[in-house]
Amino acid sequence: MAHQAHAYHMVDPSPWPLTGAVAALLMTSGSAIWFHFHSTTLMTLGMVLVLLTMYQSWRDIIREGTFHGHHTPPVQKGLRYGMILFITTEVFFFLGFFWAFYHSSLAPTPELGGCWPPTGIIPLDPFEVPLLNTAVLLASGVTVTWAHHSIMVGERKQAIQCLTSTILLGFYFTALQAMEYYEAPFTIPDGLYGSSFFVATGFHGLHVIIRSSFLAVCLLRQFQYHFTSDHHFGFEAGAWYSHFVNVVWLFLYVSIYWWGS
């Protein structure tokens, strides 16, 4: 590799953007074939290629940052800006769901019975499973912050324990959410209430699963001594994402579960 007199990372040519584009094409066209012809072959092939692309691409990024030393302070600053912008797009993603919910609930139409929740809907009790889920996510926020502090002061064993606790709490939240969906007295086709409830909480549940996967990779990297007290942005990004997911849940709980019931 030629010598460079600057601190920026000139990325080497990579095949993964091309394989990602091909995988996306296979998934979308495969989904259309599944809907119309009930064949999942092409969609499955696309999903496998997406997973392989994700694995190979992130493997290369970890290798460049951890072993090749390409993630210098200016590069890490760019990565931080990128993560902030990504979380900002996620904020606006959920903002659309809140907008739809409040638009429907603050001025319910005659078709909804002129009231909220709509006539015939029995809402979930916000002080049962939803309150427990809130406590679980808040506890996971404490443990992930503790893990971050432990990495910064070099307490490797403590960081592993806290990260493990965070991941287990995330899986517990997912299990409680699945149980709540199974026992809910309404479904997604039950008008505006059912669709706004399941779409908003469902996408949040998906983000919790992504968060757990994100932190599980961080745990594996911590086992392999990838993080140091001054070089751990891979974990820091996961911690930011975790806090974002927790804040969204607080708004969901107050809006949809408590006020909306």
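Helices and strands here are DSSP runs, a helix having at least four residues and a strand at least two.

**Figure 1. The whole chain is shown as a predicted model.** By that definition the chain holds 7 helices and 0 strands. Along the principal axes, the C-alpha atoms fill a box of roughly 70 × 50 × 30 Å.

**Figure 2. The chain is assigned two parts, domain 1 and domain 2.** Domain 1 covers residues 1-70, and domain 2 covers residues 73-258. Their C-alpha centres are 26 Å apart. Where the two domains touch, domain 1 supplies 8 residues and domain 2 supplies 5 residues.

**Figure 3. His38 sits in the loop between helices H1 and H2.** Helix H1 spans residues 16-37, and helix H2 spans residues 41-66. His38 is not a glycine, yet its phi is positive, at about 60 degrees.

**Figure 4. A cis peptide bond links Trp116 to Pro117.** The omega angle of this bond is about 0 degrees. Pro117 lies in the loop that runs between H3 and helix H4, the latter being residues 129-152.

**Figure 5. Helix H6 is made of residues 191-223.** From the first C-alpha of H6 to the last is 48 Å, and the expected value for its 33 residues, at 1.5 Å a residue, is close to this at 48 Å.

**Figure 6. Helix H7 runs from residue 233 to residue 259.** H7 has 27 residues, so at 1.5 Å a residue it should span 39 Å. The C-alpha atoms at its ends are 37 Å apart, which agrees with that expectation. At Tyr253, H7 bends by about 30 degrees.

**Figure 7. Helices H3 and H7 are in contact.** Two packed helices are described by the distance between their axes and the angle between those axes. For H3, residues 73-106, and H7, the axes come within 11 Å and cross at roughly 10 degrees. Angles under 35 degrees count as roughly parallel, and H3 and H7 are therefore roughly parallel to each other. The residues of this contact comprise 21 nonpolar, 3 polar and 3 charged.

Methods. Residues numbered from 1 in each chain as written. Predicted model: local features only at pLDDT ≥ 70, side-chain atom pairs only at ≥ 80, totals over all residues. Heavy atoms only, no water. Expected span 1.5 Å × (residues − 1). Bend = angle between axes of the 7 residues up to and from the residue. Axes fitted to C-alpha atoms, helices over the stretch in contact; angles between N-to-C directions. Parallel < 35°, antiparallel > 145°, perpendicular 65-115°, else oblique. Nonpolar A, V, L, I, M, F, W, Y, C, P; charged D, E, K, R; others polar. Domains from an automatic or database assignment. Contact = heavy atoms within 4.5 Å.
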